[in-house]
Amino acid sequence: MATITHVRTLDYAAKMLGEDVELLEAIVWNDDNLTYGSIISVYTGPDETITALTDDGIDELSDMLREARRTTQTWHGFLDDFLDDPELATRFKAQPPR
């Protein structure tokens, strides 16, 4: 594994990928959804953190979302599997897959 020299915040990753930051937050909330080491917690204070992704994490997330959006059925299944918040899943299901 190569040494990680930089990471990108979820907000920036969402902008890069053209995604809603709430969707990314919901996916990476469970760190088992991406390969170990792809999700980084950055401590900004004693009890404050922000989540960031490595380049591999961004690539993995991008591939995951592209595959999920193949059809409406796969998109809805993906949202059911990866989002623990039913209201959030319903909101994203209302949007057409790209």
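**The largest pocket, and what else to look at**

Mentor: The largest pocket has a volume of about 210 Å³. Fourteen residues line the largest pocket, and the ones closest to its centre are A2, I4, T54, D55 and D56. By type, the lining of the largest pocket splits into seven polar, four nonpolar and three charged residues. (Ala, Val, Leu, Ile, Met, Phe, Trp, Tyr, Cys and Pro count as nonpolar, Asp, Glu, Lys and Arg as charged, and the others, Gly among them, as polar.) A pocket here is an open set of points on a 1 Å grid over the protein atoms alone, where a 1.4 Å probe fits and protein lies on both sides within 12 Å along at least five of seven lines; lining residues have an atom within 4 Å of a point. The volume is the space filled by probe spheres set on the points, which are joined across faces, edges and corners.

Bear in mind that this is a predicted model, where local features need pLDDT of at least 70 and side-chain atom pairs count only at pLDDT 80 or more, while totals for chains, interfaces and linings use all residues. Residues are numbered from 1 along each chain as its sequence is written, and side-chain values use heavy atoms, with hydrogens and water left out.

Now for the sheet. Three strands make an open sheet in the order β1-β3-β2, with antiparallel pairing. β1 and β2 are the edge strands, each pairing on one side only. (Strands are DSSP E runs of at least two residues and helices are H or I runs of at least four, numbered from the N terminus; two strands pair if DSSP finds at least two bridges between them.) Strand β1, residues 8-9, is joined to β3, residues 48-53, by two bridges, and R8 stands opposite L53 of β3. β2 and β3 form a hairpin, with two residues between them.

You'll find two aromatic pairs in the structure. One of them, W75 with F78, is stacked, at 5.7 Å centre to centre and 10° between the planes. (Rings of Phe, Tyr and Trp, the last by its six-membered ring, pair if their centres lie within 6.5 Å; planes under 30 degrees apart are stacked, over 60 edge-to-face and the rest tilted.) W75 and F78 are about one helical turn apart, because they sit three residues apart in helix α4, residues 72-82. Ring pairs link W75, F78 and F82 into a cluster. W75 and F78 are both buried, meaning under 20% relative accessible area, with exposed over 50% and partly exposed in between (1.4 Å probe, protein chains only).

Two leucines to finish. L88 belongs to helix α5, residues 86-93, and is buried at 10% relative accessible area. L34 lies in the loop between α2 (21-28) and β2, and counts as buried at 4%.
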